[in-house]
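Please look over the structure below before reading on.

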Amino acid sequence: MFPLTLSSPSLNRLVLFTSRYSHSPFIRNLNSLHLIHQKLPYKPLFGVRCHASSNNSSSFTAKPSKDIRRVRPEVVVDEKLSAIRRLFSSPGVGIDAYIIPSQDAHQSEFIAECYARRAYVSGFTGSAGTAVVTKDKAALWTDGRYFLQAEKQLNSSWILMRAGNPGVPTASEWVADVLAPGGRVGIDPFLFSADAAEELKEAIAKKNHELVYLYDVNLVDEIWKDSRPKPPSKKIRIHDLKYAGVDVASKLLCLRNQIMDAGASAIVISMLDEIAWVLNLRGSDVPHSPVMYAYLIVEVDQAQLFVDNSKVTTEVKDHLKNAGIELKPYDSILPEIDSLAARGAQLLMDPSTLNVAIISTYKSACERYSRKHESKEKSKMKFTDSSSGYPANPSGIYMQSPISWAKAIKNDAELQGMKNSHLRDAAALAHFWAWLEEEVHKNAKLTEVDVANRLLEFRSVQDGFMDTSFDTISGSGANGAIIHYKPEPESCSRVDPQKLFLLDSGAQYVDGTTDITRTVHFSEPCAREKECFTRVLQGHIALDQAVFPEGTPGFVLDGFARSSLWKIGLDYRHGTGHGVGAALNVHEGPQSISFRFGNMTPLQCGMIVSNEPGYYEDHAFGIRIENLLHVRDAETPNRFGGVTYLGFEKLTFFPIQTKMVDISLLSDAEIDWLNHYHTEVWEKVSPLLEGSTKQWLWNNTRPLAKP
């Protein structure tokens, strides 16, 4: 699955981290953390490509979507917008605009259906976007992955803001400009990170507007009412130690050491994958991600998990009790934050992920209890004994969560689980593609949804299958150009044998997470399609073969994947690689491979990243080739300056369709790479197959002859 682009909860900023890894599992991971908290303005490096020409290649024009807009229907009255606007003047509200992000209270990419507020209000179902509603306007921001999808799904009451395109204001800039001076902009403080809220507050203050935290009411929930889906209630399960690699007690010990090293006495954690990873638990609250809705507070001598108790089995209770973790109700987090301040805790908080409701509650409590303590000091002239580890005055320590870095560096058990699950996934894919090609050649009338559902059936019979890791992107022809396309039964297309077909899919297994994209043609591709595909393949190969010094951030490698496309004036509107969790979220930070040069996180041994260059011609076709890679030491004859050099090891083993390749564009070395890769695919996957499926794999892994 393609990497993230614009970070919607922050509206127009990226939060960047620098980290450094020393040598292996969790203890070393935490102690090696170096932190930089930095914010840079979002500045897209690449615009939409409109023309390409080369003396050595075909020349053609690719129009951007904004130039091929469908005709809008007449303006309609949007009842949801009208209902929200009526609430603006309600007692305790009193606002002039309301901002609705995509996220839940934990800044999750994928969210439970009951928290899909932005999708409910706007009708736009993409995973990234921010809606802003004023008394007479409504606008939605999303990134390049979703431009085409948003055009289809938004009605005429909405303005589509193509974030990152030249001349497009950020959401904060726009709302500040359209409101009369002295306006009040409302948000639900549980849905914005502290960083995002602070940036928004600063941006609108330039035009004399006020940011209003609506703690007690979410306006979307008010109009959703009884039709709103119920909160998830499935049981939590233990993630077996043979897959986790490190027990909970060891993880908590290292986390506590890191907390104390930072000068803190406690940490509050809201990121769901971080909580699941530390506690070796998995859940089913969020589609595609094996996590549960919870908060976690870890102090130097105790820990509390805030979660719906009905989800906790006896086995999980015992698991938590053995680790010294107390259970508390999910919605009691704010009173406990207040209590920490009352006890003088020095609380470590990550403002890029922790919601502003929690941080504001702690700040207010700190001010209140500090004043109270100072008053006592003046009257009694005595001081609190600091030997307890809780100084008299509580305060916040703001830094990146140390868990994000530790989680990104996979231990041996996690890596082995990823390798094993990828091979089982490849077997499922082989059965699927063999079936699909046969059906297409029999002229079966298959829709994109039919194809996605059948793939799920093949995966679901594999050992350890739990769920998909994201909604399958099954796009025929022009739908493949919608980078984050999700086919729907009532509107999807049939799979056309005469057009390119892009399939981006993944699975959650008990021992690992997969993510793979392949683009194929069931008939004969045209010369232009072959050239574009081949140049995407060349970028994929270049990144796969990259060798780089330890400490190199991902943005340095991004150009490797784009270079072949750049030579003929083409590009793509998403990053090249994202981190992937081990039996966790398919999108994981802090590492990435992207043209956004602000992310200084170095790639380090044990990290997993995707390699997925692409090319998309709006309203025509899309091409993407994706494997997952594991960062490892590279053998080099020299180590200049004593530096360790790194490279990649493939986790994904599945054929790349060779009839899509224009072999005249490939070098001998690139042909050798493709042939060697297919040899590996055959050797690793064929033992898991038999009969006609095994024959299909053989037919699709035969070597290319050099011209």
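This is a predicted model: local features need pLDDT of at least 70, side-chain atom pairs count only at pLDDT 80 or more; totals for chains, interfaces and linings use all residues.

Residues are numbered from 1 along each chain as its sequence is written, and side-chain values use heavy atoms, with hydrogens and water left out.

**Aromatic pairs**

- A search of the whole structure finds 19 aromatic pairs, where rings of Phe, Tyr and Trp (its six-membered ring) pair if their centres lie within 6.5 Å, and planes under 30 degrees apart count as stacked, over 60 as edge-to-face and the rest as tilted.
- The ring centres of F432 and W435 are 6.1 Å apart with the planes at 40°, so this pair is tilted.
- F432 and W435 stand three residues apart in helix α15 (residues 412-441), and are therefore separated by about one helical turn; helices (H or I, at least four residues) and strands (E, at least two) are DSSP runs, numbered from the N terminus.
- Both F432 and W435 are buried, a term that means under 20% relative accessible area, with exposed meaning over 50% and partly exposed in between (1.4 Å probe, protein chains only).
- F432 also pairs with F458, and because the centres are 6.5 Å apart and the planes at 70°, this pair is edge-to-face.
- Since F432 lies in helix α15 and F458 in helix α16 (residues 448-460), their pair ties together parts that are 26 residues apart in sequence.
- F432 counts as buried because its relative accessibility is 0%, and F458 counts as buried at 15%.
- Ring pairs join F432, W433, W435, F458, F501 and F522 in a cluster.

**Charges over rings**

- The charged end of R454 sits over the ring of W435, 5.2 Å from its centre, the rule being that NZ of Lys or CZ of Arg is within 6 Å of the ring centre and within 35 degrees of the ring normal.
- K251 lies over the face of W277, at 3.9 Å from the ring centre.

**Helix α2**

- In helix α2 (residues 79-87), the residues L81, A83, I84 and L87 are buried.
- Seen down the axis of α2, these buried residues fall within an arc of 160° and so line one face of the helix, the arc being that of the directions from the helix axis to the C-beta atoms.
- The exposed residues E79 and R86 are carried on the face of α2 turned away from its buried side.
- At the start of α2, a side-chain oxygen of D78 reaches to within 3.0 Å of the backbone nitrogen of K80.

Key:
A polar contact is a pair of N or O atoms within 3.5 Å; within protein, one must be able to donate a hydrogen and the other to accept it, and residues adjacent in sequence count only if both atoms are side-chain atoms.
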